[in-house]
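Please keep the sequence and the 3D view open while you go through the points.

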Amino acid sequence: MSRIRLLGPREQLDAVLAALQDTGLVHLAEPKSGELLQRISLSEGEARQTRHLQALVRDIEGLPLPAGPDRAAAPEAPARGPPDTGEFARWARSANRARRQLTRLDRRVHELESERADLARFEQFVTAFRGLLPNGGGRMQSYHLILRGEDTQAVPRLRGALSAVLGEHFALEGADLPSGERAALLLVPTAETARVERMLAQSGVHELSLPAGVESGSLGMALPALAERREKLDRDLAELARHREELLSAEGPTLVLARSAAQDRLLELGAREHAGITPRSFVLEGWVPAAAKDRLTRALARQCGASIVVEEMSREEWRGEEAPVVLTNPRLFRPFETLTRMVPLPHYGTIDPTPFMAVFFPMFFGLMMGDVGYGITLAVLAGVLHARSRRGSVARAVAEILGPCAAFAIAFGIGFGEFFGDLGRRWFGLRPLVLDREKALLPFLGLAVAIGFVHVVLGLVLGLINAGRGHPRQAVGRGAALAMVLFVAVALLAGLQVLPRSFFTPAVIALLLAFPVMVIAEGIIAPIELLSTLSSVLSYARIMALGTASVMMAVVANRLAGSFGGVVVGVLFGLLFHLVNFVLGVFAPAIHGLRLHYVEFFGKFYSPGGQQYRPLGHWRPGETEQPLPAKGIT
Amino acid sequence: MNPVWIVLAAAAAISIPALATAWAQSRIGPAVAASLAEKPELSTTAILLVAIPETMAILGFVVAMLILYRGA
């Protein structure tokens, strides 16, 4: 990163900010304060414009508009000049009008849907009692009641209460509705309606209200009317949906454009707060990738003329902690930046762990899964996900991470001689080339711990390099700790007679010599950290534990499938068991692989707390704060 | 040594850490779920926090295997 300072005539500040927005290269920073520099505060008009633009954005984002063009395909700069105040006002009126019309339409849709639901309920009721409903007139009054379905005693209880009031002068029929509720039809003499209604109100029984259009006339004859009304409602709802669609397609493109323009203008107004001004000039400071500085200078000269000075500040004028961080990796490693970004970014100038993750994470995953069959299945899934995801999306990154994981799983599967557990052995005579995970548990444990040792030592080496860049005393301590870990390993291996026995005594003497150096350089906490480092190595035993569990589950699936009498049932059971094992075999290695990196590996060198590089640029759909780096500058 | 004791020792070596892990995760799980409801960006930390006690069960498994192998 280079820290730059932009100087120019004050009246050109807006033009420079617009040019910076077009180039999308500069992460603005606060200028060093000085007696002559003043901060810009928004004028009354600008503050009012900010409020109006925020309201416009809120209005537009409240509309169900499409997300906008694909971010990757979005132009880096608007095709035409910035909109003026009149255009913003016109857009604001359009957004407001569209919002009001949509609200009206949605309210009407809600009313019609509610009526349709009532109608369906009543239709069920009328259908259930079709033979009993009076045909109008007469001396009987009917009540249509809905009771809770789970209360099986509701009808007998109601019958008892009615008997107490009316004696035998009523008819009550119950029926279960398809909706799960219980309906009841009650016929009482017209003269008794007042008493009955009072009783119903006291007992809390819900009377089904009559839908609009069938309040009058015979309920027994209501079915055709209900069907006709329902058809009318369906037609009205379809018409409203069409209206809604037309409204959105008519206003949508303009409002999407308006949102982008409003967000752009808000970003520009926000960027003005980073400027320092004098009566005649302005100063802007910021960060730009070193390789892009010349491009920025050319772009500013082209858009704003020769009066703008771009000055690179010397390294003594800024501290590394202030600089934003951008991860820059080869294409092959870039998907793994997603995993690095899951923890806070590293400090500027420290080591980016992405390349190491790109190598070790798929390797650990493959060691734990270690099966040709599962690996091929995972590769197919990764291919499908890759084909169905958009470039630059998280799903695409996941697919690109799963690809190498699947490749390692297949490679280790060949080494372990596994194809869906022991099926490969039984069907194709597949034999383990490296070790048999089903039987050679101790060698597998040794392999896992050895890999862990290499990984942890690599972490310590990276920590040593990080410390060597600015903290010599810390570097000495880290070096001593690294040496002690190596001496402990040599002493242990010599003690176990893996190395010649004669190595033991020199290793112990070296340990005794390195210990005081480590304590002097790193403090009294260093011995505790050394123990923690050794326990970190043991933590890699999980690779063996999960790998063994995976192969055992697969073998059990095959044996259980074979133990069933019927072939079809056996195959189905085996497939189900393998599916469960596959799902576990993807999640567990992923989580534990990440844990081994974030806790055991990163803990040795990683220095989190870096500030993300967010250059001033044009707003893109999906962004809520500031734009991300422009293309080609990652 | 009596094989029964070896098997019992291996069983204790895996089961006690597994119970401890289960207890720890039962406390961590609800806490991280509550945290995630307020701050979804903590999902990585949440996964790590839930996965950390599993080390006990895994090391218990390794010790159990060593006991069985040494006993055999």
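1. Some conventions come first. Residues are numbered from 1 along each chain as its sequence is written, while chains are lettered from A and ligands numbered from 1 in the order in which they are written. The model is predicted, and for that reason local features need pLDDT of at least 70 and side-chain atom pairs count only at pLDDT 80 or more, whereas totals for chains, interfaces and linings use all residues.

2. Chain A has 18 helices and 12 strands, where helices (H or I, at least four residues) and strands (E, at least two) are DSSP runs numbered from the N terminus. Of the 634 residues in chain A, 32% are buried; a residue is called buried if 20 or more other C-beta atoms lie within 10 Å of its own, exposed if 12 or fewer do, and partly exposed in between, with the C-beta atoms placed from the backbone. Two residues are in contact if their C-beta atoms, again placed from the backbone, lie within 7 Å. Among contacts in chain A between residues at least 6 apart in sequence, 76% join residues at least 24 apart.

3. Helix H1 of chain A covers residues 13-23, and its buried residues are Leu13(A), Val16(A), Leu17(A), Ala19(A), Leu20(A), Gln21(A) and Thr23(A). Just after H1(A) comes Gly24(A), which takes a positive phi of about 60 degrees.

4. How do H1(A) and helix H7 (residues 293-304) of chain A cross? Their axes come within 10 Å and cross at roughly 135 degrees, where axes are lines fitted to C-alpha atoms, for helices over the stretch in contact, and angles run from 0 to 180 degrees between N-to-C directions. H1(A) and H7(A) are therefore oblique to each other, since angles under 35 degrees count as roughly parallel, over 145 as roughly antiparallel, 65 to 115 as roughly perpendicular and the rest as oblique. On one side of this contact are Ala15(A), Val16(A), Ala19(A) and Thr23(A) of H1(A), and they meet Leu296(A), Ala299(A), Leu300(A), Gln303(A) and Cys304(A) of H7(A). By class, the contact of H1(A) with H7(A) has seven nonpolar, two polar and no charged residues; here Ala, Val, Leu, Ile, Met, Phe, Trp, Tyr, Cys and Pro count as nonpolar, Asp, Glu, Lys and Arg as charged, and the others, Gly among them, as polar.

5. Helix H9 (residues 354-369) of chain A packs with H18(A) at an angle of about 140 degrees, their axes being 9 Å apart, and these two helices are therefore oblique to each other. The contact includes Phe360(A), Phe361(A), Phe364(A) and Phe365(A) from H9(A), and Gly585(A), Pro589(A) and Gly593(A) from H18(A). The residues of the contact of H9(A) with H18(A) divide into 10 nonpolar, three polar and no charged.

6. Strand S5 (residues 171-176) of chain A pairs with S6(A) in the antiparallel sense over six bridges, and two strands are said to pair if DSSP finds at least two bridges between them. Ala171(A) stands opposite Leu187(A) in S6(A). Strand S6 (residues 182-189) of chain A is mostly covered, with six of its eight residues buried. The hairpin of S5(A) and S6(A) has five residues between the strands, and in it Gly180(A) takes a positive phi near 95 degrees.

7. Two residues other than glycine also deserve a look. Phe420(A) has a positive phi near 45 degrees and is found in the loop between helix H11 (394-416) and helix H12 (423-428) of chain A; because 24 C-beta neighbours lie inside 10 Å, Phe420(A) counts as buried. Gln497(A) has a positive phi near 65 degrees, and because there are 9 C-beta neighbours inside 10 Å, Gln497(A) counts as exposed.

8. Finally, the contact between the chains takes 15 residues from chain A and 11 residues from chain B. On the side of chain A that touches chain B, H18(A) gives the most, with five residues. The residues of that side of chain A divide into 11 nonpolar, two polar and two charged.
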